[in-house]
Amino acid sequence: MFINYFCAKFIKMSHIQNLEKNLSITRKSLISHSLYSKLDSKQKLIDFMENHVFAVWDFMSLIKALQKNLTCVDVPWTPNENRLAGRLVNEIVLAEESDVDSNGDPKSHFELYLESMSQIGASTKIINDFISKIKNSKSYSDSIEKININPIVKEFMDFTFNIINTNKNHVIASVFTFGREDLIPDMFIEIVKKLSNSDEIEADNLVYYLERHIEIDADEHGPMALKMIEELCGDDETKWKEAEIASKKALEMRIKLWNYIEIKLIKTYPLPILSSY
């Protein structure tokens with residue numbers, strides 16, 4: 001019995017290691033993306049955040065979809081059979097939806113990001129208008145058609161909701177883990193700190209958001225999310241393959257979003273032409 005248990009655990013770990021290996025090249029392309037080096041001014045950072053905020057928002061829909069599927073949020077309450085996965089997702093939701101700001105007041109990470117935008121002078125009008133429409137209609141598809149955003153940003157969110165609509169928990173969890181968590185590189189936060197220290201911008205809230213996000217993802221959410229995928233995929237080869245395909249696509253969609261923002265910055269803020277004289 002002990003041997004069978006050990007073998008089962010070894011197989012699961014091998015699945016995770018294999019999945020991470022198969023995603024490593026695409027993930028490396030994203031983490032080393034040249035966009036980060038372009039964020040060298042207040043206005044460029046503002047432009048970045050006004051687009052990126054939609055990815056911050058739909059991230060919450062991924063984790064809440066998992067909570068809805070893996071726990072019971074209905075009344076009357078009944079127990080859910082996904083006990084371990086349910087516990088893990090509840091712990092992740094607690095920090096993402098009800099973390100604390102630098103003053104110790106409860107806030108979601110999305111709200112922390114909005115405060116960061118306001119502090120540096122970025123507009124939150126479109127995202128707030130979108131949230132207002134979501135509250136009224138309770139429909140993503142209806143609300144997204146009524147706001148003016150770039151098609152690439154919309155395509156990114158459409159992919160997220162297509163993943164949610166599969167209703168496959170192992171796929172949703174894999175996109176959440178490999179496509180969204182732990183993708184803020186150290187160089188990004190160093191750029192923000194440099195801009196903040198240069199007196200060009202006040203970005204204390206953004207630095208706090210980034211540091212908090214990195215800290216929680218590395219120490220808590222990362223290991224929890226991997227364990228959740230193991231639990232949901234088990235030894236089912238089909239599920240592991242579906243998880244890999246969806247995760248790779250999620251990384252590619254983020255690269256496409258980063259490419260769009262980078263090109264926008266280059267066109268809006270072209271480098272000065274140096275005289276040869």
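## The largest pocket

The largest pocket in this predicted model has a volume of about 800 Å³. Its lining is made up of 23 residues, of which Trp-57, Met-60, Ser-61, Lys-64 and Ile-134 are the closest to the pocket's centre. Two or more lining residues come from each of helix 3 (42-70), helix 5 (109-120), helix 6 (125-137) and helix 8 (151-166), and helix 3 gives the most, with 8 residues.

## Trp-57 and the nonpolar core

In soluble globular proteins, nonpolar side chains tend to be buried together. The largest nonpolar core here holds 87 residues, and those touching the most other members are Leu-45, Phe-48, Trp-57 and Met-228. Helix 3 supplies the largest share of this core, namely 16 residues.

## Asp-101, a buried acidic residue

Asp-101 lies in the loop between strand 1 (99-100) and strand 2 (106-107). Its relative accessibility is 8%, and therefore Asp-101 counts as buried, since the cut-off for that class is under 20%.

The side chain of Asp-101 makes a polar contact of 2.6 Å with the side chain of Lys-107. When residues up to four places away in sequence are not counted, Asp-101 touches Lys-107, Leu-112 and Tyr-208.

Conventions:
Residues are numbered from 1 along each chain as its sequence is written. This is a predicted model: local features need pLDDT of at least 70, side-chain atom pairs count only at pLDDT 80 or more; totals for chains, interfaces and linings use all residues. Side-chain values use heavy atoms; hydrogens and water are left out. On a 1 Å grid over the protein atoms alone, a cavity is a set of points where a 1.4 Å probe fits but cannot get out, and a pocket is an open set with protein on both sides within 12 Å along at least five of seven lines; lining residues have an atom within 4 Å of a point. Grid points are joined across faces, edges and corners, and a volume is the space filled by probe spheres set on the points. Helices (H or I, at least four residues) and strands (E, at least two) are DSSP runs, numbered from the N terminus. Buried means under 20% relative accessible area, exposed over 50%, partly exposed in between (1.4 Å probe, protein chains only). A polar contact is a pair of N or O atoms within 3.5 Å; within protein, one must be able to donate a hydrogen and the other to accept it, and residues adjacent in sequence count only if both atoms are side-chain atoms. Contact means heavy atoms within 4.5 Å. A nonpolar core is a set of buried Ala, Val, Leu, Ile, Met, Phe, Trp, Tyr and Cys residues joined through side-chain atoms within 4.5 Å.
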